Amino acid sequence: MAELFAYTDGACSGNPGPGGWGVLLIAREGSRVVKERELMGGEAETTNNRMELLAAISALESLSRASTITVVTDSAYVKNGVTGWIHGWKKNGWRTAARKPVKNEDLWRRLDEAQARHQVTWEWIKGHAGHPENERADELARTGMAPYKPGKGKR
């Protein structure tokens, strides 16, 4: 039985500004890669945190059936939010402990719904530290952002 991993990353040129997200999905049997799939996208005006969230959401929403998956992110915001903070936000009607509205509530709700179908293990790794799969996810995020950067649009 293959193990499934999603390496996710988001990127932004300016924050807010044009942004992109990338996902590298890998199925492994032992140390052998059985299958790979790349996903990416972007938006013209967004934030880095929104792109990090969309990468994780896209990874989970792309799976056609309930799966056991490890999502590897370099975003402490995503990892801490989905494994900890979200429980309090839901109890508090999507308000923070300070009773302020949760930022990016729309995406947090989507991520919560997307992960409910699966058995997800969340892992955090340091970004830009030479981790090959994270570097590929970063390249995908930058590629997803490229069409939205100034001078790259339709003429």
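Contact here means heavy atoms within 4.5 Å. The model is predicted, with local features needing pLDDT of at least 70 and side-chain atom pairs counted only at pLDDT 80 or more, while totals for chains, interfaces and linings use all residues. Residues are numbered from 1 along each chain as its sequence is written, and side-chain values use heavy atoms, with hydrogens and water left out.

**View 1. Surroundings of V23.** Leaving out residues up to four places away in sequence, V23 touches A6, Y7, T8, R37, E38, L39, A55, A59 and L140.

**View 2. The nonpolar cores.** A nonpolar core is a set of buried Ala, Val, Leu, Ile, Met, Phe, Trp, Tyr and Cys residues joined through side-chain atoms within 4.5 Å. Buried means under 20% relative accessible area, exposed over 50%, and partly exposed in between (1.4 Å probe, protein chains only). The largest core has 28 residues, and V23, W108, L111 and W122 touch the most other members. At least two residues of this core come from each of β2 (17-29), α1 (48-61), β4 (68-73), α2 (76-91) and α3 (105-116). Helices (H or I, at least four residues) and strands (E, at least two) are DSSP runs, numbered from the N terminus. The biggest share of the core, eight residues, is given by α1. A second, separate core has eight residues, including Y7, V72, I125 and A137.

**View 3. T8 in strand β1.** T8 sits in β1 and counts as buried because its relative accessibility is 0%. Neighbours within four places in sequence aside, T8 is in contact with G22, V23, E52, A55, A56, A59, V71, V72, T73, D74, N134 and A137.

**View 4. E38 in strand β3.** E38 belongs to β3 and is partly exposed, with a relative accessible area of 44%. From E38 to P16 the separation is 22 residues in sequence and 25 Å in space, C-alpha to C-alpha.

**View 5. The largest pocket.** On a 1 Å grid over the protein atoms alone, a pocket is an open set of points where a 1.4 Å probe fits, with protein on both sides within 12 Å along at least five of seven lines; lining residues have an atom within 4 Å of a point. The largest pocket holds about 610 Å³ of space, and the volume is that filled by probe spheres set on the points. Its lining comprises 21 residues, with L4, A27, L63, R65 and S67 nearest the centre. Strands β1 (3-12), β2, β3 (32-46) and β4 each supply at least two lining residues. By class, the lining has 10 nonpolar, six polar and five charged residues. Here Ala, Val, Leu, Ile, Met, Phe, Trp, Tyr, Cys and Pro count as nonpolar, Asp, Glu, Lys and Arg as charged, and the others, Gly among them, as polar.

View 6. In the loop between β1 and β2 lies P16, and the peptide bond from N15 to P16 is cis, with omega near 15 degrees. N104, in the loop between α2 and α3, is not a glycine but has a positive phi near 65 degrees. N104 is buried, with a relative accessible area of 17%. H128 is in the loop between β5 (119-124) and α4 (132-145); it too is not a glycine, and its phi is positive at about 55 degrees. H128 counts as exposed, at 54% relative accessibility.
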